[in-house]
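Here are my notes from a look through the model. Could you read them with the structure open?

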Amino acid sequence: MDKVTSSVANTGITLDLMDRRIVSALQIDGRAEITRIATVLGTSPRTVSRRLKRLFDARALTVVRMDRTEETVGATVLRIKVLRGKVDTIALAMARRTDVLSVDIVMGGEEITAVVAADSGADRDRLLYRQLPATSAITSTTSHAVLHLFADAAHWRSNLLSPAQTAALTPTPGPVRPVLPDRADRHLLSLLEDDARLPHTTLADRSGLSPSTVRRRLDRLTEAGLLRTHVTIDPGLLGLHVDAGLWLEVPPAHLHTAGQALAAHPYTHAVAATTGPANLIAAVYCRDLGDLYTFTTEVLGSLCITRAETSIIDRRVRPVGAPPV
């Protein structure tokens with residue numbers, strides 16, 4: 001049987017402060033040019049290039065394109081209870097599906113959390129109503145449909161840069177006007193899906209457009225908020241060793257305020273209002289369990305939450321933004 005292992009162990013590398021600051025720069029702008037990152041961080045382009053190559057070659061870091069926030073509404077978050085000893089098999093089967101966005105194994109080895117894409121339609125229904133119930137290793141499944149997304153993985157920042165550095169790396173928004181991507185735009189976006197840092201020359205070769213046209217189109221899509229990037233990296237490499245899921249019950253009158261407050265907190269990397277037993281769910285990265293306790297008492301304690309359940313993620317089988325395993 002295939003065994004799921006920790007991605008930190010698989011990389012075999014560690015990150016120093018400069019490595020982490022470079023990662024932080026990419027979290028702000030995944031397509032930031034090496035010379036720009038070097039200038040903002042006060043180092044040489046050669047240093048940035050060498051360090052990024054080490055991280056990319058070790059597959060410790062990837063930069064992918066994320067769908068627009070509004071396209072996540074309607075996604076389904078699943079909590080799958082599994083017989084002891086069967087969790088790896090079920091988790092890997094879920095992680096291989098093209099309609100699944102992420103898969104995690106909860107500490108204890110008897111629960112899996114997974115997110116199914118909003119546009120999976122008949123495939124999602126087949127999964128929920130036929131395949132999962134018919135699997136003898138699964139004891140129960142709870143589903144939560146996303147009603148409103150306050151923050152997703154692309155919003156998360158490790159906050160290792162100064163406000164001035166963050167501002168220097170943040171793409172300048174263009175005029176507020178709707179942009180309807182044409183066929184060439186959609187093709188460029190598809191090329192960036194698995195590697196959002198493909199250079200303009202490579203994109204030009206693959207799309208048949210000139211490099212200047214590629215640059216102009218990508219700038220327009222970025223300004224319109226249609227080109228969003230996400231850094232995929234194990235949080236343990238950034239010193240964040242606890243990944244926790246929060247299943248919260250909030251009175252309807254306080255739901256939006258609580259969601260906005262959690263989305264603004266630097267620890268959270270996903271916050272959504274949902275259907276189901278919990279109407280607000282969040283995912284947080286903390287340094288350790290003591291840090292999580294402080295977050296629970298000081299942050300959650302101030303948000304009119306009537307019930308909170310916390311689950312610790314033991315293994316990330318398929319992180320957000322990663323392709324099927």
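1. First, the ground rules. This is a predicted model, so I kept local features to pLDDT of at least 70 and side-chain atom pairs to pLDDT 80 or more, while totals for chains, interfaces and linings use all residues. Residues are numbered from 1 along each chain as its sequence is written, and side-chain values use heavy atoms, with hydrogens and water left out.

2. Helix α2 covers residues 17-28 (helices are DSSP runs of H or I, at least four residues; strands are runs of E, at least two; both numbered from the N terminus). Its length checks out because twelve residues at 1.5 Å each should span 16 Å, and the end C-alpha atoms are 17 Å apart (the expected span is 1.5 Å times one less than the number of residues).

3. Nine of the twelve α2 residues are buried (under 20% relative accessible area, 1.4 Å probe, protein chains only). Among them are D19, R21 and Q27. The buried set packs against α3, α4, β1, α7 and β6 (contact: heavy atoms within 4.5 Å).

4. The largest nonpolar core has 28 residues, and L15, I37, L169 and I233 have the most contacts inside it (a core is a set of buried Ala, Val, Leu, Ile, Met, Phe, Trp, Tyr and Cys joined through side-chain atoms within 4.5 Å). α2 gives the most to this core, with five residues.

5. Leaving aside residues up to four places away in sequence, L15 touches R20, V23, L55, I233, L237 and L238.

Notes: Buried means under 20% relative accessible area, exposed over 50%, partly exposed in between (1.4 Å probe, protein chains only).
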